[in-house]
Structures are given as C-alpha cells and as structure tokens.
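Here's a quick tour of a protein model, written for someone who likes to know the cut-offs. Have a look at the fold first, then we'll go through some of its details.

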Amino acid sequence: MKVLFKIALNSLAVRKNRTIFAIIGISMGIVLLVSSQILITSVEESHSDSIREQYGDYDLVVGYQNSNQFLSTQDIEQIKNINHIMDTSPFLYPYLSKEVEMQLSDYPSYVGFKDEKLAYEYPLIKIAEGNFPKEKEVLIPASFAKSKQLEVGSYIEWPFPPNRTQKIKISGILDTDQRLNHVAVFQYNWLQGITNNNNNTTALLIKLDSPTNKDDVVKAIKEKFPDTFIDKRKELDKEHENIGGLKPIIQGLSIAVFIASGLIVISTLQMSIQEKQHELATLRLVAIDRKQIFLLILIEGCIIGVFSLLLGLMAGIISSMLLLELVGHLMGLAATDVTLSLPWINIILGITAAFLILIISSCVPAYQATKLSPLVAYHQSTSVHQAPTKKRAIISSILSLSTISLFLANYLYFEEKILYVMIALLLFCSLFISIPLIFIISTSFYNCLPKQLYSPEWMLASRNTLRQMRRNSQIASILIVGIHVLIIGNIILNSLKEGEETFLKEQYPFDLSIISLNPTEENGFSPKLFSQLQQIKELENIYFTNLVLLSTLNLPIHASGGNPELLVNEEKQAMLGIQGISFPIINEQGTVKVVDGTINEEDLGQNGVILNEKTSKQLGYQIGDEIEIGQFDDVISGKKYEAKTFILKGIIKDEKLDYTLLTTADIMSQQFGINSLYKIQININNPEKSSEIKANINKLLNDSAYSTTILYDQKQELDKIEKQSKQRLLILSVTVFLIIIMAGIGLMNNTASSIRERISELAMLRALGSSKGQLMRILLLEGSFITSLVGIISTLTATLIGCMFILALGSPVTSIPIKLIISLIVASPLLGLLSVFTPALWITRQNITQMLTK
C-alpha cells in the first residue's frame, strides 16, 4: 500500500497543473457547501435573536379579551400540566375595554406582570430607565411622564376603582415606543388585590419546549377551555419561515454540487489513466494485479479529494467571514446583529458525504483501468473515440421520443401531476444518456452542409470533439447540471413568487387590512374603530362583521352543490356563512360587480341577502327565492333550532365569497346578535401621505380595546415576497456560477490533456503549413463546439422540465425566463472559448522541432 501511495503521489505531482486545477474545481464546490451551511446558520441564529428582540421569546398567549372573563389559578395549573409547555407567566388587564366606564381615559391602560424572566419577553416590558415595579409602584410611558412632568422616584395619585385612589411611586419609564404609549405596568399580585381581582388572570404567556409542538398544545388547551382566545403568533412563525425556507434550497443545491464534483473527479482520473496507459501497462507486466491497479487509481482520487476538502473547508470558513455582513444585509439584518456561527456537525456531515461521493466517483475510472489489456495499453493503441453502441443509440432515441410523446399526451389529455414529475426525470436521464449521440448527430449535420458554409478548422474541431467523446461527455454533464439547476430553479421560484403575490392580492385586495386575530365565527373588535377610520381623510374603508355558520333547510332538489353528509329530514343541505358588510360604501366605490338584482342597503329590508354567482348556480337559488336556514351547530347536533328565512335580493361576481351570504350589519345584529367586526379593508387615496396615514392607524390600534387586531400592509407584504425571492435567486445564481466554473476548469483540463496526447499531430499540422492562428482557431472551436451545443440543448430541455414541474404543482405556466435563456445560449460558446484559451495559447507558442521530437 505504501508503494502504491508513492506511485499515486508521484503521478499527480508529474501532472501537477491538471491536479491543481482539479483540486481547485472540486474545492469550489466544497467552499459553497461549507459557506452556505455557515452563513445560513449564522443568519438564522442572528435572525432568531432579532425576532426575539422584536416579538419576544414566547410561543402562545392564552386567555380572554374582556374584563368579565378570567383564567383562575386552577385553570392556570391545568394549562401548565399540558405536555410540551416549558414555562408560563400570567398578566392582568383589570379594566380591559372599561376605561371609559371607569372614567380612566386620562390614564394609560393598567396591566400587571410578575417580575420573572418570561414576562420580560413581552413587548410591553421595555424599561428605558428605572426598575420593574414593586407594590405601590408603576412603570409609565415616556409620553405620560413628559406630560405629567414625572421622573423615576416621583409620586402620583392614581385611581383604582371601585377602591380609593392610591399614592404610587414611579419605579421606571418605558422605552419611547408608540406601542408603549398606552400602558402602565404594575406588580401583578398587588394589582390583583387593589382591583378586587384575586384569583383572576387575563391571559397567560406560554413558552414551549419546541415551536413544532404548537398545534398539539393549542388543541389540548381548546379541549379544556374552548372559549379562550389563543394568539398563535403567526407573525413570529412567518418571520422564521423567511430563513427556514432557504434550507431546502441549500440542500437541493448541495446535491448539484456533489454531482458536479463527482464528475470532475471521474473526468480527471480518466485523463490520468489515458495519459499513463504505458505506465499502467508496465506495472501490469511486472506482476501488479488488477486489484492493485484499482487501488492505485482510488488512492489518486482520495489524495485529490483530501486536498480539495481541506482547501474547500478553509476557504469556506474564510469566505463566510468575509461575506457574513453582506449576506446579513441581504436578509434584512443590521451589521451589528450578525455574528458568525460554525455548525460543526452539519459541516462534518456535509464534508463526509462529499468525500464518500468523491471515493465512489473514483471507483468508476479505477474499474475502467483494470479492464485495460497490458499489451494494447503498452502500445497505447486504445482509441479515445468511444462512439456509443448501436444499442445505446437506439435506447437513447426511443427514450427521448417516448418522453416527449408522453408529455404531449399528458398535457393534452390526462393532466396527471405525478406523471409530469416522472416525465421530467425521464427527460433529464435521457439527456445524459444521449450526450454522445448528440455530438455525433451534430457533427454529421455540419459535415452534410455545403463546404462554403463552414471552414476547414470547424470540420477538424468537430471531429476532434468526437475523438475525446468520453471526457467531453463528462464535462458536458457538469454544464448540463448547472444550466438545469439555474433554469428550473428560476422557473419554479418565479412561479412560486407569482403565486404568493396573486394569493396575497386576492386575500388582501386593499392597501391595508385590519383583521381580528380571533376566528371569523368568534367575537372580533368594536365597530367604533370603523367610525374612527372614517374620520381620517383620503381613506376608503369597507368593513366585514363576524360570521355565523348556517345550514340551509330548503336546498333546491336540483342543486349541484351542498354537503351530501349534511342531511335535514333526510334531504341534502348546504353549509353557508352569513356576514355583514358596508353596502353603502361598496355602492359608492363600485368595487363589486352586480350580476343580477340589487345590493342597495335600503332594498335589502329586514331579511335581504346576497350571494355570489358561482354559489347561486351551485345551490340553485335565484333572485327572489326564500333561503331557509338554521344555525349550523344546532342543526348538525340535532338540537332544537330556530329556522330563519332570508330573501335573495342580489347576485354578485366575487369568487372570494363562495358559500357566504352577505347582508347588512343591522340584520346581523337583529337576527344573530353580532355587533363586532372581523375585518376592515382600507384603500389610501393619496400615496404621498401613506406613511402619515399608517402612523395614525397604528396609533388607533395601540388602544387596548383593539389588542386582538393585526394590520396587514399589502405593499409591505409584497416587498417581503420580492425580497425573499431575490435572496433565493441570488443563492441559486451563485451556486450555478460555481458549477459552471467547475465545468470550465474541467474543460480546460480536458483540452490540456488532449493537446498533450496529440502534440505530434498538432506539430505535423504546423509543419504542413498551418499557421499559429489556424491552430488556435481549431482548439478554440473545439471548446465552443462542446459548450454551445450543450448550452442550446440544455436550455431547451431545462425550460421544458421546469414547465413540467410547475404543471405538477398544479399551477399554470405564467412566465418563462426568456432573457435568461438567451443569455445562457449566448454565453455558452464564450465559456468554451475562455476555458480552452490558456492551453491553446500554450501549444501555439511551442517550438515545432521540439513538438515533433516529443
């Protein structure tokens, strides 16, 4: 083994240029692998710190949203005993929504917290000056302190109805933050006693052992306390998804890097075997067996792999340190927030996987070396032109044609999603199998053209490409991987981006949306907010009340819709929702298209409703029809229910309101006792005042009465989608750029090896009168022939495969990256020219006599 190691090391040292380039090519893949792990982990941890700072490090809030219902001490103990709950902290709003009634409008909202770690995670506990309050102490907003000329240590008379006023010490002042301008923080236990709320808690902060258990915990709480409000903190999950969504992309690109690195090893070792056939034959003739030849080539692969891994690891860590600030900026983090984190376990696992792939890749040329006949190899009579067999040509042709036929049949007739995926994989495999055949067909096509259309140099270049078939096929494979990853990734990411934007615009068609955090069927927020918004100029507002679930009782027999399992008197019925909407404003703005009937509020009377066109057709209801309904929970449970009758007055065209009856807020109040709003949609008529208007709206929402609402900004959400898309495309592009460079290095090595093998032939061309320029053109054309041909074929197949994946996702193909495709086709021959330029320049500068001697 020691002797074999020395021979392998010597062999690599003799051909040091090729070895160095091979190591550089593979190490670039390792750099990408290592740096991506480091950067993603670093940004993820820094992003998590930023999220914790902004949103607090807790997972759920459970409780009630008024001052009439509370969690008791026994309730809290039951919640604490639920699996996966790691820590809890209670807080109390003793006068929630009763500030006006209690004549406390001049004071910030009272809230009590315990002085414990989890409580400090709540966004309201941000102390700028002073300390957490003790008994008879309070933390006050900076604006309140300024208006009352108070400072830490000052005293103030503070009312605590129904009890008497207390002299309270200012223990601290909260941060200057708009969210903190309306709260005063007291010590929890003391506030309970002074407001007669012993054993009462408004809500509970909950920290889980893992965020992945959130749904299980929510389900368990709802089973025990079905009336509680649970804030699942969706905005927190959404922020985590921003970074977490990059991991699958990184993993997919790592696989592409592994493939490219493996192909470079195979190509490099095959070149080595081809160049040293004489040496290998000599070793065989002096009694070294096939197993030792196999081990020799394998050792060469291991040496290249080890050096590549070490270089890639060091360069990956260094590049991560240099790029950390830039990547953090692209992810929306401040430079001071980003710290380097080395995930050694992930790095070691990745490098180990890469090394195993390199070893497996080395086995291919090692096995081929054992098949060389010693006598034939000694005379170096083995042809490097290994044309595909007739059988392989037939198989690749049939596979390619059948794949295209299957795609057309599936697209036109079957439309099976899983079949699109299978066809895409078949097409990709058939392309790899067909590479040699593509080279032969293309060369034959050029040779059939009239001689006036191409130069002798082009003819020689295309034929020389066939002479190095196996090597060129491997280099072409690396380039194919890179182009396919780039185009398919681009198509999928752009399609996902467009889908997210379309969904967002459908969900939130207005500039701003204020939505209750409670489900639509539960209590929302006060209509007073809508009245306050109406007073802000240059706004168009539409409200939706909370929804009531209903079951029809007189569904027409001819109805195509409905729920077969929902039977009333053994007849199929349908589940509907009913919701109030601000019809006068809709009529004024003309935001809804009326298909039939009317949507005037006056015409709806005491029981008028509206349906969208799709639902009215499916349920068979027409203008003027009576719709008899009962509340869904009562109907389905078999309880006694009150049947109500509504008249269909209008039909509108709005796909978002399927199976929903629309009516007025007055009818919702009279018929169902619904007096709360679920959603307000807002359009800003003057974009120049957008920031000022949003600030005013946020100021309104800081009122504790609207603590269960969330403001969605359409532009802000669209900007987030755009930013995330750019982040993913950037990672994709960098990866593919490195893969293409790896292909270029492989082609450079291939050309250098090819030149060394046919140095006598090239010298003969020079001796017969070919100029240096002609020799240079032949070699440059060889490189451009390979890359341009692969570039054209790959862009076409990659585009088709990308479209198949989009169809498999159930989405329409809305955009194809035409500019990217054209750019790749144009850049492909340039890659070939650049890759072979250095070895071509070297050979043209050699002395003819010396070349002939060699």
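What share of the contacts in the protein with a separation of 6 or more comes from residues 24 or more positions apart? Such residues account for 82% of those contacts, where contact means heavy atoms within 4.5 Å.

Before going further, some housekeeping. This is a predicted model, so local features need pLDDT of at least 70 and side-chain atom pairs count only at pLDDT 80 or more, while totals for chains, interfaces and linings use all residues. Residues are numbered from 1 along each chain as its sequence is written, and side-chain values use heavy atoms, with hydrogens and water left out.

The protein holds 29 helices and 23 strands; these are DSSP runs (H or I of at least four residues for helices, E of at least two for strands), numbered from the N terminus. Of its 854 residues, 52% count as buried. Buried means under 20% relative accessible area, exposed over 50%, and partly exposed in between, with a 1.4 Å probe and protein chains only.

Now for some helix packing. Axes here are lines fitted to C-alpha atoms over the stretch in contact, and angles run from 0 to 180 degrees between N-to-C directions.

| Helix pair | Angle | Axis distance |
|---|---|---|
| α15 and α17 | about 110 degrees | 9 Å |
| α15 and α16 | about 160 degrees | 10 Å |
| α27 and α28 | roughly 150 degrees | within 7 Å |

On the naming of angles, under 35 degrees counts as roughly parallel, over 145 as roughly antiparallel, 65 to 115 as roughly perpendicular, and the rest as oblique.

Take α15 (residues 435-448) and α17 (residues 469-507), with their angle of about 110 degrees. That makes α15 roughly perpendicular to α17. On the α15 side, Ile435, Pro436, Phe439 and Ile440 do the touching, and they meet Met469, Asn472, Ser473, Ala476, Ser477 and Ile480 in α17. This contact divides into 7 nonpolar, 3 polar and no charged residues. For the classes, Ala, Val, Leu, Ile, Met, Phe, Trp, Tyr, Cys and Pro are nonpolar, Asp, Glu, Lys and Arg are charged, and the others, Gly among them, are polar.

Helix α16 (residues 456-467) spans 17 Å over 12 residues, close to the 16 Å expected at 1.5 Å a residue; the expected span is 1.5 Å times one less than the number of residues. Its buried residues include Trp458, Ala461 and Leu466, and the buried set packs against α15, α17, α26 (759-767) and α27 (772-808).

As for α15 and α16, they pack at about 160 degrees. That makes α15 roughly antiparallel to α16. Phe439 and Ile440 turn up again here, among the α15 residues that meet α16. The contact has 6 nonpolar, 4 polar and 1 charged residues.

Further along, α27 and α28 (residues 818-844) cross at roughly 150 degrees. They are therefore roughly antiparallel to each other, and their contact has 16 nonpolar, 10 polar and 1 charged residues.

Is Arg233 buried or exposed? Arg233 is buried, with a relative accessible area of 2%, in the loop between β10 (229-231) and α7 (234-244). Arg233 and Leu60 are 173 residues apart in sequence, yet 6.4 Å apart C-alpha to C-alpha.

Finally, a backbone check: the peptide bond from Pro161 to Pro162 is cis, with omega near 5 degrees.
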